[in-house]
Amino acid sequence: MPRLTDKVAGQAPAIALTGIDKRFGEVRANRDVNLTVAPSSVHGIVGENGAGKSTLMSILYGFYEADRGTIHIHGREVRIRSPKEAIAVGIGMVHQHFMLVEPLNVIDNVMLGAEGGAILAKGEAQMRAALAQLAETFGLVIDPDAIVGDLPVGLQQRVEILKALVRGADILILDEPTAVLTPDEAEQLFVLLRTLAAQGKTVILITHKLNEIMAVTDHVSVMRRGEMVATLKTAETSPVQLADLMVGRHVLLDVAKGPAKPGPVRLSVEHLVISDTHASLRVKDVSFEIRAGEILGLAGVAGNGQSELLEALAGIITPTLGSIKLDGQDLITLAPTPAERREQGVLHIPEDRQRMGLVPAFSAAESMILGFQSDHEFGTGPLLSTAAIQSHTAKEMDLYDIRPRDAALKTAKFSGGNQQKIVLAREIEHHPKVLLVGQPTRGVDVGAIEFIHKRLIALRDAGIAILLVSVELDEIMSLSDRIIVMCGGVITGERTPETTNDRDLGLLMAGVTERAA
Amino acid sequence: MSTPIEIPKWADVSLVPVLAVIVAFLVAGLVVLGIGENPVKATVLLIQGALGSGEGIGYTLYYATNFIFTGLAVAIAFHAGLFNIGGEGQATMGGLGAALICLNLDFLPWYIVLPLAILGAMAMGALWAFIPGYLQVKRGSHVVITTIMFNFLAATLVVYLLVNVIGKPGSMSPETRVFAASAHLPYVHEALAYFGIKIPKSPLNLSFVLALLASAFIWILVWHTKLGYAIRTVGHSPTAATYAGISIGRITLITMAISGALAGMLAVNEILGVQGRLLLEFSSGYGFIGIAVALMGRAHPVGIVLASILFGMLYQGGTELSFEMPRVTRDMIVAISGLVILFAGALDGLIRRPVAGVFARLLKSGA
């Protein structure tokens, strides 16, 4: 991919943030942050969760006002007090979670909030012209009459980008844009971002994924604990250097693991069929086995049946057909409910810890017993002992280095990584035979990822059968002993990490099987 | 994107509601001013009426007893994410349950009749909430709709029974005969007289003690039992409950039954404590005000007891006030209660936001 040469000296930076300070109560989310972004470039911002990148972008987009500091856009000092004012100075934002109305079509979504007067027809005509113009300039082709809900995720994201561009955005902020994309869609997005920059737009890319920074940005800024610790030319840095800067110490990006010593078959799944509430098939005739002491990686783009499979194995949903056997015994008839599965030693780290794995409104101690609330350990008879659950939690917090060490603190107040450690500690400490793991490092910072990966490897070595469902190919590749790939509810292939690569897996994830290829 | 409002817990449970009441009184004061009366004098009369005499206090606590029962009923359902607005109907059915026991068994001594009558009130209230719960679990019909429909069903059912089946023969008014003395829950002034303590007469009866016990029970249930944990999990996050192996249907049924039983206990105060017979419309709106009480008390038993006493004061003080100031009618008192509900419940953010702002500034300057 061609890289743009540095801009002519003397041109004002697209964005210049000087001395930005922002405090939330006790926490200084941004301290004295300076950031200069060259026009017509792609600028990456990386940092662990809670490093302050979201706060900084929220200040730039007008969600918060900085306590101190100045903002210059193209050399002109501005005050941005609301997203409306941000849009007025030419800043657009593409959120991680799309802000789209799915039943409406593309043109309606783009127009929403910029209808151009009471008469829709006139505004719509203008909007169609604008979209056609954008399609020509940036190659952003999209059918304006398509229903947004029917579009694949990659195209929905384009609608978000179009919304920003139509409103005259000259600076585009993208927050974790590839989290929901296939490798192929991500590649297309990068091409688009390069085109935008080449045509004079300035792009800010917030991401966790260092390989994306390397692939697409011109410059990269690293944040740590609210401070801007470095701004580098991407061409002159490496993922290892960036990771070290983010964490402030040396991080092992590759997980050190010995060869697996698989034991007997623990969990066997045969001809499993799962349909959703609308009776449409989500999982179609899936079979696989997991042995004791091995990690089976399940790769796939989100929404291709992995979640349903995971929930069926955990007992949350009942499959339509097929069998799930633990050590040869049929779990569907023997232990149909989540509570009974848990008693059998099938433990589950769910994909969505906010909605399923934890109760954000509960204290850490209360979340630490979710699913085990009826254990005698936590109170005699019908009573629940606050003292018992708090001391239990304090012990786990030490073991898993959960910070802050406050068992009474609300779960929602912990960072993503520490929340995930609560779930992890809870499930691992209840002695699983089979551990079902969904997206273990989603929204988790680099330091905690390293910790979680080491724990999973240690569990494998202790003889536990692990199913790892992840949309992060790096994670699948570095942890799994075997890899299966799902697309459209069927397994499209099985590989080992040694015999495959991202491209190969990407094809399987897109449903291109050996036979078709 | 708004930042969550953070204020210390003590301020959340005490300062905010107190400010809400003060603002409500200030606005109500304007109304009193509007009809040409002195709002300061009215406030003094109201407070004197509610707390100025032993009799006044007795009445205040007697009203508060009703609010505690219905407030707790709404609160326990809140904790499971359910909105039980059928307190009226459940109380009415509770009255029926108590009356059926008393009419048939009041020849027995008090230590048999009274516990049975109380259980009867609880059981019928529980049943009248359990059925909507069951309909939600099995048929997906929302309890907000069904509980309010069940209010009407209860009212018509009791009218029918009083007119045709259990009404006093030969009487024109739809009510039962008066129960025997063994089915009467003693007044507090009677109970204390037994120990030689003399206090002024009022309808305050031992139901008030039951209400306090029920508050303690709900506190233990919600925060210190495994069932309470399950109830709160279902209320906060049904998906997490499913994950944890908690049956949402089972918890819905149990919670609705507990909620209905609490609402049914209103009949213990009104029927067993005061009226001594079943009559129509004794629930007279307490079931609905229970929603406001639960909101204002933040669904916590301590808050509910305090909010109940406040509403008890408004009822009792308001009655006295309308005697003293004829231009301030009963309807005015309803309006003032409405303002309290408005500011404490619906316009909560109006108070909370400035309070949060003050605390944010205090923290900032302190740090």
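This is a predicted model: local features need pLDDT of at least 70, side-chain atom pairs count only at pLDDT 80 or more; totals for chains, interfaces and linings use all residues.

Q: In which sense do strand 1 and strand 4 of chain A pair, parallel or antiparallel?
A: Antiparallel, over 5 bridges.

Q: What stands opposite A:Asp21 in strand 4?
A: A:Arg68 does.

Q: And how many bridges does strand 1 of chain A have with strand 2?
A: 7, again in the antiparallel sense. Strand 2 of chain A runs over residues 27-37. There, A:Asn30 stands opposite A:Lys22.

Q: Switching to chain B. At what angle do helix 3 and helix 13 cross?
A: At roughly 60°, with axes that come within 7 Å. Helix 3 of chain B is residues 54-79 and helix 13 of chain B is residues 286-296.

Q: Left-handed or right-handed?
A: The crossing is right-handed.

Q: Which residues make the contact?
A: From helix 3 of chain B, they include B:Phe67, B:Val74 and B:Phe78. Helix 13 of chain B contributes B:Tyr286, B:Ile289 and B:Val293, among others. By class, the contact has 10 nonpolar, 5 polar and no charged residues.

Q: Now the interface. How many residues of chain B are in contact with chain A?
A: 19, and they meet 26 residues of chain A.

Q: Which element of chain B gives the most to that side?
A: Helix 9, with 6 residues. Helix 9 (226-236) and helix 10 (238-243) are the elements of chain B that give two or more residues there.

Q: What's the make-up by class on the chain B side?
A: 9 nonpolar, 8 polar and 2 charged residues.

Technical notes
Residues are numbered from 1 along each chain as its sequence is written. Chains are lettered from A and ligands numbered from 1 in the order in which they are written. Axes are lines fitted to C-alpha atoms, for helices over the stretch in contact, and angles run from 0 to 180 degrees between N-to-C directions. Helices (H or I, at least four residues) and strands (E, at least two) are DSSP runs, numbered from the N terminus. A crossing is left-handed if the near helix is turned anticlockwise from the far one by less than a right angle, and right-handed if clockwise. Two residues are in contact if their C-beta atoms, placed from the backbone, lie within 7 Å. Ala, Val, Leu, Ile, Met, Phe, Trp, Tyr, Cys and Pro count as nonpolar, Asp, Glu, Lys and Arg as charged, and the others, Gly among them, as polar. Two strands pair if DSSP finds at least two bridges between them.
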